[in-house]
Amino acid sequence: MLRRIKRFSQRLQRELSVIKPEIIGMINDRKGYLRQPRNQFTQQGYEVIPEFLDKQECDRLIKVADSYINNHSYVIAGDCYLLCRKDIHDVDLDVQQIMNAQEIDDQLAQLFNSHIIENIFEARTGERVLLRNISIKIDNPDTTSKRGYHTDCVTKTVYKVFIYLTDVNEYGDGPYTVIPGSHLHIYRRLVNYCYGWIKQVLYASRNSRNYKEDIQLLYNDTQAVPLFGKAGTMVISNQQLVHKGWHQQDKSRRYALVCYVIPVKDYHGQRFSFGRIALQQKNVEIISN
Ligand SMILES: O=C(O)CCC(=O)C(=O)O
């Protein structure tokens, strides 16, 4: 009991200390977006670019992914690792993701070093960006544990690229789903932040996501746009956009490349290690090959 009270009080202190910088950060992020050039990407927060990869390359990458799939997170080689989401949190339990896949595949290494992805963002935002990681994400059919609407962080801009490797033609294929323009909403986001803040203080545990990134109020599926596309379709997205992977993925396994991109101004040499640190902190064994 005493230990619980102590943990609660530590969490409360921590969360009290970040309220102000996080709210100021959200307001400043929005101001930054309003200064960007006006185009579909900066206004809507996403854009769909068809036929970025051909079918043959998509099929090849699926084979690469299949050769590394496993039920446990493990280090594949160097900085490349398979992250099974069930090992780090309580949502997306059927998602496996090969992080830093550019380290184990020459074609992906070429794409990683080519600056093609950075150019796409820079042409739209007018700001220099950095591609940090190309991952291969495998979303197995799941109708029970998909994460609901969220943003990737409370503040600071993160961009992602999704390149479908399988056709995503209908809801059952698990389309990436967005609320257009929501990266510019401030009041609705603040209401959700306050709600998430309270949940974070009351309920956060070792295995929970950051509740402050959840969007549970004032948005719903009627406002959402599911982004369908054939294998090879690229979606670029500002991850401050309210988004989710469609929650009723009951038809097929979806393979996609997911690339992580940040503004150069926010890069301070940090190594990409999403999930890896969490695995170590939570004492999940990382099985090395
Ligand atoms: O893969 C998807 O469709 C959803 C991904 C997502 O929610 C995220 O990357 O934050």
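This is a predicted model: local features need pLDDT of at least 70, side-chain atom pairs count only at pLDDT 80 or more; totals for chains, interfaces and linings use all residues.
Along the principal axes, the C-alpha atoms of the protein chain fill a box of roughly 55 × 45 × 40 Å. Of its 289 residues, 35% count as buried. As for the contacts in the protein chain with a separation of 6 or more, 82% are accounted for by residues 24 or more positions apart.

Let me turn to the interior. In soluble globular proteins, nonpolar side chains tend to be buried together. Here, the largest nonpolar core has 51 residues, and those with the most contacts inside it are Ile163, Leu165, Ile236, Leu257, Cys259 and Val261. Strand E11, residues 254-263, supplies the largest share of this core, with seven residues. Which residues does Ile163 touch, not counting those up to four places away in sequence? They are Phe52, Leu53, Met234, Ala256 and Leu257.

I come finally to the ligand. Asp152, Lys160, Tyr176, His243, Lys244 and Gly245 surround the ligand. The strand that gives the most to this shell is E10, residues 243-245, with three residues.

Thank you for your attention.

Notes. Residues are numbered from 1 along each chain as its sequence is written. A nonpolar core is a set of buried Ala, Val, Leu, Ile, Met, Phe, Trp, Tyr and Cys residues joined through C-beta atoms within 7 Å. A residue is buried if 20 or more other C-beta atoms lie within 10 Å of its own, exposed if 12 or fewer, and partly exposed in between; C-beta atoms are placed from the backbone. Helices (H or I, at least four residues) and strands (E, at least two) are DSSP runs, numbered from the N terminus. Two residues are in contact if their C-beta atoms, placed from the backbone, lie within 7 Å. A residue is near a molecule or strand if its C-beta atom, placed from the backbone, lies within 6 Å of it.
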